[in-house]
Amino acid sequence: MPARKITAGLFVALDGVVEAPETWHFPYLNEEMSAAVGQMYAEADTLLLGRVTYEAFAAVWPYQTGELAGAINGIRKLVASTTLTTVAWSNAALIEGDVVAAVKELKGQRGGTVTLAGSISLVRALLRAGLLDELRLLIHPLVVGTGERLFEGTAPVPLKLTRSATFTTGVLDLTYQPA
């Protein structure tokens, strides 16, 4: 079995905003997007989360039912946090110490795909460190206007588009890999 693949998936507004997608994403959620999101989780054997995303997911997903909820609740979860001391969600563990070093070690292990959901600062850190194998952006046809942008204040990171699809809602499903 080859070394692990590290992927990240994010909901993004047309103006680059990734913050608080729960406030603007849902009008665009349809069967196409549900299938795309479900595919990201189905391909993963480990879910990587930052503290904010972990807390948001852990507050909702354990109480959901269905195929996607089953996949998310059943998967191994690694949580990057400098403030949490414990995680209570099933199959969750804290990453101890330097998260970039921990992900580098994880990537070097044999295994399947590690999917990073949300977690803006973690995506940036792994991009800078050259540890992301794939960045999947679901770009919504909406200008949010305010909020944290994915690439705000980051150094250039050359990427190549490897896959694209357009949903009937106008959402672009774009997959990038390091150039």
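Modeller: Leu 47 stands opposite Lys 77 in β3. The model is a predicted one, in which local features require pLDDT of at least 70 and side-chain atom pairs count only at pLDDT 80 or more, while totals for chains, interfaces and linings use all residues. Numbering starts from 1 along each chain as its sequence is written, and side-chain values rest on heavy atoms, with hydrogens and water left out.

Helices (H or I, at least four residues) and strands (E, at least two) are DSSP runs, numbered from the N terminus. β2 and β3 run parallel and are joined by five bridges; two strands pair if DSSP finds at least two bridges between them. β2 also pairs with β5 in the parallel sense, over four bridges, and there Leu 48 is opposite Leu 116. Six of the seven residues of β2 are buried, so the strand is largely enclosed by the rest of the structure. Buried means under 20% relative accessible area, exposed over 50%, and partly exposed in between, with a 1.4 Å probe and protein chains only.

Leu 48 is also among the residues with the most contacts inside the largest nonpolar core, which has 25 residues; Val 123, Leu 126, Leu 132 and Leu 135 are the others. Two or more residues each come from β1 (5-13), β3, α4 (99-108), β5 (113-117), α5 (120-128) and β6 (134-140). The element that gives the most to this core is α5, with five residues. A second, separate core of 23 residues includes Tyr 28, Val 37, Leu 49 and Val 87. Such a core is a set of buried Ala, Val, Leu, Ile, Met, Phe, Trp, Tyr and Cys residues joined through side-chain atoms within 4.5 Å.

The next element to consider is α2. Its buried residues include Thr 53, Tyr 54, Phe 57 and Ala 58. Seen down the helix axis, the buried residues of α2 fall within an arc of 125°, so they line one face; the arc is that of the directions from the helix axis to the C-beta atoms. An α-helix has 3.6 residues a turn, so residues three or four places apart point the same way. Val 52 and Ala 59, on the other side of α2, are exposed. The cover over the buried residues of α2 includes α1 (31-42), β2 (44-50), β3, β4 and β5, where contact means heavy atoms within 4.5 Å.

Aromatic rings come next. Rings of Phe, Tyr and Trp (its six-membered ring) pair if their centres lie within 6.5 Å; planes under 30 degrees apart count as stacked, over 60 as edge-to-face and the rest as tilted. By this rule there is one aromatic pair. Tyr 54 and Trp 89 have ring centres 6.0 Å apart and planes at 45°, so the pair is tilted. The pair links distant parts of the chain, 35 residues apart: Tyr 54 lies in α2 (51-60), and Trp 89 in the loop between β3 (76-80) and β4 (92-95). Tyr 54 is buried at a relative accessible area of 6%, and Trp 89 is buried at 7%.

Lys 77 then returns to the picture: its charged end sits over the ring of Trp 89, 4.5 Å from the centre. A charge sits over a ring if NZ of Lys or CZ of Arg is within 6 Å of the ring centre and within 35 degrees of the ring normal.
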